[in-house]
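User: I should like a close look at a single part of this protein and at how that part relates to the rest of the chain. Please give a connected account.

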Amino acid sequence: MQIDFGLDAIAFKQGSTRKIIWNSSEVVNGHCLLVGISGAGKTHRLKDMIRQLTATSDTAIRIHVFDVHGDINIPGSSSIMFSEQTNYGLN
C-alpha cells in the first residue's frame, strides 16, 4: 500500500520534483498521527490517505479513525460509541 504525499518542498525549491511516498512495506509500523492548526487540512488529508490506501491494497484493510468531533464521514464505515452521553464515537 502506498500514500503519495506530494513533492518534497525543500527539493522543489532547489529545482527537483522528488515525490514523498509512504510505502507500507518499508515502514516500521502502520501508525500515523496527523496534527495541525484548525483549517490546515487534516480531515482532507486523512480522507485522501484512506482513499489511497484502499486503492493500492491487494486485500481488504481495516483503518481505525478516532473522530472525537464526529465530523468525518467515510463511505462504508462503521462506528463504535465511546459513551452514551455523546453522539460521537469511533469510525
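The largest pocket has a volume of about 860 Å³. It is lined by 26 residues, of which Cys32, Leu34, Leu46, His64 and Val65 are the closest to its centre. The structure is a predicted model, and every value given here is computed from it.

By class, the lining of the largest pocket comprises 17 nonpolar, five polar and four charged residues. At least two lining residues come from each of β1 (2-7), α2 (42-56) and β3 (66-67). Among the contributors, α2 gives the most, with six residues, and this helix is the part examined below.

The protein chain contains two helices and five strands, arranged along the sequence in the pattern β-α-β-α-β-β-β. Of its 91 residues, 21% are buried. Among contacts in the chain with a separation of 6 or more, 30% join residues 24 or more positions apart.

The length of α2 can be checked against expectation. At 1.5 Å a residue, its 15 residues should span 21 Å, and because its end C-alpha atoms are 21 Å apart, the two values agree.

The buried residues of α2 are Leu46, Asp48, Met49, Ile50, Gln52 and Leu53. The elements that cover them include β1 and β2 (19-23). In an α-helix there are 3.6 residues a turn, so residues three or four places apart point the same way. One of the buried residues, Leu46, is also among the residues closest to the centre of the largest pocket.

Leaving aside residues up to four places away in sequence, isoleucine 50 touches Ile63, Val65 and Ile74. Of these partners, Val65 is also one of the residues closest to the centre of the largest pocket. The C-alpha atom of isoleucine 50 is separated by 8.7 Å from that of isoleucine 3, although the two residues are 47 residues apart along the chain.

Beyond the helix, serine 57 is placed in the loop between α2 and β3. Serine 57 has a relative accessible area of 17% and is therefore buried. Its side chain reaches the backbone oxygen of threonine 59 at 2.4 Å.

In summary, α2 supplies six residues to the lining of the largest pocket, while its buried residues are covered by elements including β1 and β2.

Notes
Residues are numbered from 1 along each chain as its sequence is written. This is a predicted model: local features need pLDDT of at least 70, side-chain atom pairs count only at pLDDT 80 or more; totals for chains, interfaces and linings use all residues. Side-chain values use heavy atoms; hydrogens and water are left out. On a 1 Å grid over the protein atoms alone, a cavity is a set of points where a 1.4 Å probe fits but cannot get out, and a pocket is an open set with protein on both sides within 12 Å along at least five of seven lines; lining residues have an atom within 4 Å of a point. Grid points are joined across faces, edges and corners, and a volume is the space filled by probe spheres set on the points. Helices (H or I, at least four residues) and strands (E, at least two) are DSSP runs, numbered from the N terminus. Ala, Val, Leu, Ile, Met, Phe, Trp, Tyr, Cys and Pro count as nonpolar, Asp, Glu, Lys and Arg as charged, and the others, Gly among them, as polar. The expected span of a helix is 1.5 Å times one less than its number of residues. Buried means under 20% relative accessible area, exposed over 50%, partly exposed in between (1.4 Å probe, protein chains only). Contact means heavy atoms within 4.5 Å. A polar contact is a pair of N or O atoms within 3.5 Å; within protein, one must be able to donate a hydrogen and the other to accept it, and residues adjacent in sequence count only if both atoms are side-chain atoms.
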